[in-house]
Every structure is written in C-alpha cells, then in structure tokens.
Amino acid sequence: MTLALTQSDFRAHIKKYLDQVNDDDEVVYIARSNSRSVAVLSQEKLYWMEKALQAKEDSLDYAVARDQLIRRNVLPEDPIVESNDDYWEQFK
C-alpha cells in the first residue's frame, strides 16, 4: 500500500513511516509546499529498480532484478502461458 502524507505528518511520525518503508516495503509520498513532493522508498527497492534499468533486457542480471521487483509488488506477475502445440512450435 502506498502512503501519501503531508510534510508535517511525516515529520511528527518519522520513525513509524520509516519502519513501514523498511519492514513492509511501502513507498511514502510526502507533499511539500509549492506543489512539490518527494518519495521515500527502501534502499533495497531502489537498488533493484536501478539494477533492472541498467541491465540488458535479455541478461541474467535483468531477470534477477525483475524477479525481485515482482516479489516487492513493483511489477505485476508474469502471465501464465498455456502449454499447447502452438506454444512449443515457436521454438522449432
């Protein structure tokens, strides 16, 4: 679940929200003045996002990063592929 907060609320409950970011893998959006905002996310989630962006799409690094992002609900699950003759014919 993503949280959207005011800067005052975040400041008043910073430990609670930082624990949610680390323990529950939440992303916290903080509204600031002048229609600006910031996002707080865990270093681990950011690491896997950067890893996926920097890796070549057909590489093992990309596959591992993508799997980590699926586990963290950043990316949706891959659809289940029906195993029929048409599916296997594409590999011949």
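Mentor: Lys and Arg count here as positive and Asp and Glu as negative, with His and the chain ends not counted; the place of a charge is NZ of Lys, CZ of Arg, CG of Asp or CD of Glu. This is a predicted model, in which local features need pLDDT of at least 70 and side-chain atom pairs pLDDT 80 or more, while totals for chains, interfaces and linings use all residues. Residues are numbered from 1 along each chain as its sequence is written, and side-chain values use heavy atoms, without hydrogens and water.

Trainee: How far apart do the centres of the positive and negative side chains lie in the protein?

Mentor: The protein carries 12 positive and 18 negative side chains. The centres of these two sets lie apart by 11 Å.

Trainee: In what order do the elements of the protein run from the N terminus?

Mentor: Helices (H or I, at least four residues) and strands (E, at least two) are DSSP runs, numbered from the N terminus. The protein has five helices and three strands. Their order is β-α-α-β-β-α-α-α.

Trainee: Is Asn73 buried or exposed?

Mentor: Asn73 is in the loop between α4 (60-71) and α5 (85-89), and has a positive phi of about 60° although it is not a glycine. Buried means under 20% relative accessible area, exposed over 50%, and partly exposed in between (1.4 Å probe, protein chains only). With a relative accessible area of 69%, Asn73 is therefore exposed.

Trainee: Which class of accessibility does Asp25 count in?

Mentor: Asp25 lies in the loop between α2 (14-23) and β2 (28-31). Its relative accessibility is 22%, so Asp25 counts as partly exposed.
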